[in-house]
Amino acid sequence: MSCRGCPPYNEQDKSGIYFPRCFQWIRGACTRKNPGNVANLHSLAQQVMPKFFDGLELDYMHRLAPHKYITASWVLSHVKAAGFRFGGLYTFRLANDVLLTPTIIGDIHPSTQAANLNILYYPFECLRLEATLQKGNEKTPVDSQYTIELTRPCDTWSANFYNVSKDSGRCTLSMMRAFTTHVALGGELLLEWNTPQKLSTDYALAARYSHHNYAVGASASRNGIDISYWQRIYPQIQMANLLAYNYSTNKTIATIGYQWNFWDAAVHGMLDSDASVGIMWTKYLSSFPLEMGLSVVMSIPTDRFAFGMRFVVDPSGYRRGA
């Protein structure tokens, strides 16, 4: 290619304005915010929904040093594994807010040997490596999930691997990119195999339109459609709607939720199209490092309900972000 038609190149120009050489890569600036990944497309609406629990839960968290915690819990429940667990969070080296080594989060059930292990590492600021391992008991195999995610100023590329082996496994490859300040588009490719010779694929499209006080997200695939809407009505009140439609069962489920924050408490509630209603109340005591929680969910057609209580002793203020 001839460069005769290009303007003259002069770095020593006193005006400070010059034209780059042909095919020279010039980095630009992106004013659009990072849209996150496809897996967290509906995260704003899902955070508003209450996280119900039943039975009785007693938790204790204690900070040994910055980013070093020990945890203990005792659970009496029909849904979760009952019994005692202990674990913690540990980071070897930390410089200000930068994690120089992997962060390890785990817990174990001494009687059944059920364990959870999560390893999170940022070898570079834009690269996230994460491994999640879960074992039900001594006889069950380990469930594994590995994540590789590259975050750039305007887009996010993710790869997730679930129980990958030569005989079976599942993998998702996704990308989300912000095209304007408010609009982000992306897609996800699913690869699944049960035998080494048979590979099935599926794909999904994702979109989000967001502002400071509201956001709309939608994803569609051959299996169904998911739509979410989140809005901050007042500084202390948030509302969310979730709609899911499944093509194979021809069933639609719609859920409405809200979150009301007080200076020392929070209330979450929900109502869905299956006539299930629930509420979760959380209270932070100022005179004692204790968090109290009550959870009630009821199905009106079946006239069944679940009730739960939770107490979290947190002297270091980790749960409150202190």
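Modeller: What follows is a quick tour by question and answer.

Biologist: What are the ground rules?

Modeller: This is a predicted model: local features need pLDDT of at least 70, side-chain atom pairs count only at pLDDT 80 or more, and totals for chains, interfaces and linings use all residues. Residues are numbered from 1 along each chain as its sequence is written, and side-chain values use heavy atoms, with hydrogens and water left out.

Biologist: How many helices and strands are in the chain?

Modeller: One helix and 21 strands. Helices (H or I, at least four residues) and strands (E, at least two) are DSSP runs, numbered from the N terminus.

Biologist: And what share of the residues is buried?

Modeller: Buried residues are 28% of the 322 in the chain. Buried means under 20% relative accessible area, exposed means over 50%, and partly exposed is in between (1.4 Å probe, protein chains only).

Biologist: What about the total accessible surface?

Modeller: About 20,800 Å², with 61% of that belonging to carbon and sulfur atoms. The areas come from the Shrake-Rupley method with a 1.4 Å probe; for residues, only the protein chains shown count as cover.

Biologist: Cys-126 and Cys-171: buried or partly exposed?

Modeller: Cys-126 counts as partly exposed because its relative accessibility is 34%. Cys-171 is at 6%, so that one counts as buried.

Biologist: Switching to strands. What does E6 pair with?

Modeller: Strand E6 (residues 103-108) pairs with strand E3 (residues 83-91), antiparallel, over six bridges. E6 also pairs with strand E7 (residues 115-124), again antiparallel and over six bridges. Pairing requires at least two DSSP bridges between two strands.

Biologist: Which residues stand opposite each other there?

Modeller: Thr-91 faces Thr-103 in E6. Gly-106 is opposite Leu-117 in E7.

Biologist: What's in the turn between E6 and E7?

Modeller: The two strands form a hairpin with six residues between them. Gln-113 in that turn has a positive phi of about 65°.

Biologist: Now Gly-308. Where does that lie?

Modeller: In strand E21 (residues 304-313). Gly-308 has 0% relative accessibility, so it counts as buried.

Biologist: What is Gly-308 in contact with?

Modeller: Leaving aside neighbours within four places in sequence, Gly-308 touches Phe-53, Asp-54, Gly-55, Gly-293, Leu-294 and Ser-295. Contact means heavy atoms within 4.5 Å. The C-alpha atoms of Gly-308 and Leu-76 are 9.6 Å apart, with 232 residues separating them along the chain.

Biologist: Which charged end sits over the ring of Phe-53?

Modeller: That of Arg-310, 4.1 Å from the ring centre. Lys-68 lies over the face of Tyr-90, at 5.2 Å from the centre of that ring. The criterion is NZ of Lys or CZ of Arg within 6 Å of the ring centre and within 35 degrees of the ring normal.

Biologist: And how many aromatic pairs?

Modeller: Three. One of them is Tyr-245 with Tyr-247, edge-to-face, at 5.2 Å centre to centre and 80° between the planes. Rings of Phe, Tyr and Trp (its six-membered ring) pair if their centres lie within 6.5 Å; planes under 30 degrees apart count as stacked, over 60 as edge-to-face and the rest as tilted.
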